[in-house]
Structures are given as structure tokens and as C-alpha cells.
Amino acid sequence: MKKLFCVLCAAVLALGCFGCKQEETPVKKNYGPNYKVENETADAQYLYGMCNLAWQEPGIDPDITAQLVANMGVKSVRMWMHCNWLMTDPNTMNAAAVAKMKAMLSKLASYDLQIIGMNHSNFHDTSMVNGASTTAKPGRDLSEGSAYMQWLEGYEATWYNLAKTFPEVLYWEIDNECNNDDFMPKLGGGKFTLSDKAAVYTDMMFFASRGIHAANPAANTVMGGIVGNNCEAFMEYVYENIEAPDSWSKYPDDYFQIACWHPYIHTNYTDEKFRAFNQGIYDVILKHEGKDKKVFCSEMGWSQANVTAEQVAEWLPRAYAVARELGFIESIHYFRLYDVWSSDWGSPAEKQFGLFTDPLSHGPTIDGVSKNPILGAPKASALAYQAMAGGSGSLELLVRA
């Protein structure tokens with residue numbers, strides 16, 4: 001089938017002018033075989049990572065969060081930087097939101113932390129079935145002028161403007177868990193098959209990568225972390241799409257320069273399970289690319305709905321030690337820093353992944369007794385993380401009786 005390379009409909013943002021639309025900029029050509037074909041090995045200094053969802057914690061001072069992350073010994077931070085938080089459409093930035101995010105990024109950078117920006121939202125027709133979900137994606141239709149192709153052009157422009165507005169971010173994670181129905185609801189209704197998810201996501205990575213590199217050639221593109229027991233099959237489908245005769249490019253680095261997944265083992269963790277999960281996906285990469293490629297594990301953790309903080313404290317250093325032995329994982333970002341009983345986001349299990357109790361809410365009671373009597377207190381797992389990562393300094397910056 002014929003594929004048309006769209007003209008990047010993106011704004012070239014002048015410094016300080018975030019709220020206005022600008023002229024179109026020409027598309028950067030396909031990078032091709034000389035763009036990045038060498039082995040890309042992990043840098044172990046960034047192994048200890050953390051997810052930072054500060055935007056969803058408006059009652060917590062993000063500067064204190066940054067200090068706490070630094071005290072923990074964290075070296076890499078995954079920042080949630082969704083386009084619908086920072087933009088009003090693919091070509092227009094929200095000046096106030098940009099200023100707020102830049103302040104957070106600046107504070108994190110002051111502690112010499114590697115920063116990965118992740119966006120799992122997109123702009124689409126909200127009037128359609130599933131349109132209310134910012135993670136919905138339309139069905140694939142590569143015909144010229146189709147709604148799908150127009151959406152991809154807008155998707156490219158969105159990433160162009162994110163990367164142009166935030167040149168301080170050198171790693172961009174393109175969406176999140178796109179092998180998971182929660183992050184790939186089908187716009188218009190129904191469900192994607194796994195192969196359909198992979199086909200749409202392969203397109204998304206190519207267009208996003210092209211927009212990112214047109215805005216900032218120094219930036220690195222990261223596959224959105226995949227999750228669950230179908231990761232290897234999903235990766236196979238992605239490479240099938242890349243290697244197809246009519247693909248956008250035959251070079252995987254034109255889609256993602258860094259691989260990414262979420263090695264959750266929610267209960268009954270063993271080193272053997274953790275090693276096999278990571279190695280299995282990596283073997284797919286080696287089979288298709290024939291070279292080393294660095295990996296980010298942009299989420300990993302355990303909910304205290306399933307296991308105790310004391311159990312997590314035992315498993316944490318073991319998992320990171322296995323990752324260090326494997327050698328291809330650059331960073332594992334723990335999900336998450338705080339419990340979030342105070343937020344309307346997430347299921348009860350998702351609210352309890354924190355290394356610290358919620359600084360704002362005691363949460364539900366069990367037989368009339370609070371599960372977390374001290375707000376913002378470090379759990380045994382937080383103390384284990386700090387010891388493992390070689391951090392220092394107080395972990396009680398947000399403790400309240």
C-alpha cells in the first residue's frame with residue numbers, strides 16, 4: 001500500500017512564546033542506516049530510578065519531593081508530561097502549565113538527575129465512543145487524507161512541540177503500555193487485537209520520533225513501557241511491521257532508540273522469574289536488530305494491597321541486583337514514591353504502591369484503625385531503597401503525625 005510522508009504540521013516555538021501558533025517547519029527526512037546502528041549499552045550509574053507524578057499531587061511541594069528523591073539516592077526520574085496537561089491542541093502550548101513543568105524539571109536537574117519525559121495522551125475526536133479517554137487511538141487506515149492519517153500528523157506535531165518546548169528533556173517515552181487495553185482503547189468502540197495494537201503503535205512511534213528529532217536532534221526516543229505476559233509477542237509484531245516491505249523505515253532506531261518495559265511481578269517474586277521476564281523480551285530485540293540496545297524499565301513496584309512493605313524491602317535490592325547482572329537495563333523506575341489515598345486517581349491497589357505513606361491522607365480504616373497512622377512516613381521499603389541506592393539525608397521531610 002502507498003504511504004505518504006506527511007508534512008510536519010508543528011509550530012516552531014520562540015523562547016517565551018508558548019501560547020501562540022507559529023509557522024510550519026519542514027519534515028526532517030528519514031534517518032536511515034547511518035543514524036544510529038552502533039551498540040547502545042546501558043550506563044549503570046542511572047540504575048536507581050523513580051516515577052515522579054508530582055503533577056497529580058498538587059498538595060505536595062514538588063521541591064520537597066525533588067529533595068526527597070535525591071536523598072533516596074535516585075539517579076533517574078520519569079516525569080509524567082502528558083500533552084493534555086501542557087497543550088490545548090497539537091500546535092498550542094499552555095503557558096502557565098509549561099512554566100509549572102519547567103520549574104519542576106529545573107529543580108530535579110539541580111540534583112543531576114537523568115530525566116525521562118513520558119506522554120501517554122493524544123488529541124483526537126472526543127465525540128466518538130471512548131473519546132473521553134485521552135489514551136484512545138483510532139483504527140488504522142493509511143489511505144491518503146484519512147482521519148487516521150490526519151491524527152498521525154497531529155500526533156507528530158504534538159511531539160514536535162513538546163520536544164521543542166522542553167529541550168532540557170533528552171529522553172522521551174512515547175506513550176505507555178500500548179499492549180494493554182487500558183492504554184489502547186479503540187476510538188469509535190470495540191477492541192484492538194494485539195497485532196492491531198502493535199500496528200497502530202508502530203506508526204505512532206515513527207511519527208513521534210520524527211517530530212521529536214525534527215525539534216531536537218539530540219533527544220533520544222524511548223518505546224513506551226510495555227507490560228504483562230504478551231510483551232514478547234507484542235515486540236515480535238512491532239518488528240514484523242518495521243520489517244514489512246511497505247514500512248515507514250526498515251531501521252528500528254527510526255521508531256525507538258531505547259527499548260522499555262515494566263517488569264512487574266506482583267506476588268511471589270523470585271530472581272529467576274525476574275531474570276527470565278527481562279531476558280525473554282531482550283532476546284526478541286537481539287534476534288531482530290543483531291545489536292545491543294539499552295533498556296529503561298520505566299515502571300516496577302509492588303502494591304501493599306498484595307504484599308507487605310517488609311516483603312518489598314527484601315525483594316527490591318534483589319531485583320535491582322539482577323538488572324545490574326543482566327547489563328542491558330540502564331534504569332528501573334520504582335512506581336511510585338507516595339501512596340495516593342488523597343487522589344481520585346487509580347484503584348485501591350494502585351493507590352498503595354508507594355515507598356512512603358500518603359502525605360495528605362491517612363486512607364481508609366480497618367476496623368476503625370488507620371492503615372497509615374503517620375502521614376508521609378517512609379516505609380521499610382523506602383529505607384531499603386535508600387540503603388540499596390547509597391542515598392543519604394532525611395526521609396522524613398513530609399512526615400506529619
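User: How do the residues lining the largest cavity divide into nonpolar, polar and charged?
Analyst: Eight are nonpolar, two polar and two charged. Here Ala, Val, Leu, Ile, Met, Phe, Trp, Tyr, Cys and Pro count as nonpolar, Asp, Glu, Lys and Arg as charged, and the others, Gly among them, as polar. This is a predicted model, where local features need pLDDT of at least 70 and side-chain atom pairs pLDDT 80 or more, while totals for chains, interfaces and linings use all residues. Residues are numbered from 1 along each chain as its sequence is written, and side-chain values use heavy atoms, without hydrogens and water.
User: What counts as a cavity?
Analyst: On a 1 Å grid over the protein atoms alone, a cavity is a set of points where a 1.4 Å probe fits but cannot get out; a pocket is an open set with protein on both sides within 12 Å along at least five of seven lines, and lining residues have an atom within 4 Å of a point.
User: Which element gives the most to that largest cavity's lining?
Analyst: E1, with three residues. Strand E1 spans 48-52, and helix H1 (62-72) also supplies at least two. Helices (H or I, at least four residues) and strands (E, at least two) are DSSP runs, numbered from the N terminus.
User: Switching to pockets, which residues lie nearest the centre of the largest one?
Analyst: Glu177, Asp182, Phe183, Trp345 and Glu350, out of 23 lining residues. The lining has nine nonpolar, 10 polar and four charged residues.
User: And how does the second largest pocket's lining divide?
Analyst: Into eight nonpolar, four polar and one charged.
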